[in-house]
Amino acid sequence: MSNVEVEVVGVRIEMPANQPILLLKASEPAYYLPIWVGAIEANALSIAQRGLTPPRPMAHALLLDVLGAYDAELADVVITGKDGQIFLAEIHTSDGKSVSARPSDAVTLALTAQCPVYVDSDLLKDAGIEAPEADEDEVAQFRDFLDNVSAEDFETGSES
């Protein structure tokens, strides 16, 4: 079993069901892994991804503080598999311990602790969606455009 490091793209809303989805992206191989989450979990993920600190600590910050009180840190999190339609995850600590967790909680912890997120490579291939390849020429043209564009390029000449 090997793991692939993924980027936390963020939380998206699936329409028309209006259901939040945690979207993870692997570069090699290029796959997206969508994980459906609840609204409360989506909110916690969004707060952690933006690096916001609420006035009172959330449960994720509390857990990291408890780990620190026991001389441990969060090392990484791994999305390990599926049981039916339910994704499974583990959090790994710096002292070698592993704890089962919901993927939404595990990823929120990882974002808060700024540690890596991994997905089991077999799970990624089975449950993931192949990412479309970007046309390198189009990407280069767009980067060139961004490097040379200025606000004046968007002026219309009329003011409202």
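Predicted model: local features only at pLDDT ≥ 70, side-chain atom pairs only at ≥ 80, totals over all residues.
Two strands count as paired if DSSP finds at least two bridges between them. Strand β5 (residues 86-93) is joined to β6 by four bridges, and the two run antiparallel. One place to look is Glu90, whose bridge partner in β6 is Ser100. The hairpin that β5 and β6 make has four residues between the strands, and there Gly96 takes a positive phi near 85 degrees.

Eight strands make up an open sheet, and going across it the order is β6-β5-β4-β7-β1-β2-β3-β8, with mixed pairing. Which strands stand at the edges? They are β6 and β8 (129-130); each has a single partner strand, so one side of each is left without a neighbour in the sheet. Elsewhere in the sheet, β4 and strand β7 (residues 117-120) pair over three bridges, this time in the parallel sense.

Now for the helices, starting with α3. This helix lies across β1 (3-14), β2 (19-26), β3 (31-36), β4, β5, β6 and β7, and it runs at about 160 degrees to β4. Within α3, the residues Pro103, Ser104, Ala106, Val107, Thr108, Leu109 and Ala110 are buried. Just after α3 comes Gln114, which takes a positive phi of about 55 degrees.

The buried residues here are His60, Leu64 and Leu67. Why do they end up on the same side of α2? Because they cover an arc of only 55 degrees around the axis. On the other side of α2, things look quite unlike that: Ala59, Leu62, Asp65 and Ala69 are exposed. As for what sits over the buried residues of α2, the cover includes α1, β4 (74-83), β5 and α3. Just after α2, Asp71 takes a positive phi of about 55 degrees.

Next come the charged side chains. How many salt bridges does a search of the whole structure find? The search turns up three. In one of them, Arg102 pairs with Glu41, and the closest N and O atoms are 3.1 Å apart. This pair links distant parts of the chain: Arg102 is in the loop between β6 (98-101) and α3 (103-113), while Glu41 is in helix α1 (residues 39-49), 61 residues apart. Arg102 also meets Asp105 in a salt bridge, at 3.0 Å from N to O. Put together, Glu41, Arg102 and Asp105 are linked in a network of salt bridges.

Arg102, at 44% relative accessibility, counts as partly exposed, and so does Asp105 at 23%. Leaving aside residues up to four places away in sequence, Glu41 touches Arg102 and Ser104. Ser104 is itself one of the buried residues of α3.

The remaining salt bridge stands between Lys97 and Asp95, where the closest N and O atoms are 3.7 Å apart. Lys97 counts as exposed, at 52% relative accessibility, because the cut-off for exposed is over 50%.

The mean pLDDT of the chain is 86, and 82% of its residues reach 70 or more. Where does pLDDT stay under 50? That happens over residues 153-160, and for this stretch the model has three contacts beyond four places in sequence.

Definitions and conventions
Residues numbered from 1 in each chain as written. Heavy atoms only, no water. Salt bridge = Lys/Arg side-chain N within 4 Å of Asp/Glu carboxyl O. Buried < 20%, exposed > 50% of the residue type's maximum accessible area, 1.4 Å probe, protein only. Arc of directions from axis to C-beta. Contact = heavy atoms within 4.5 Å. pLDDT = per-residue confidence, 0-100. Axes fitted to C-alpha atoms, helices over the stretch in contact; angles between N-to-C directions.
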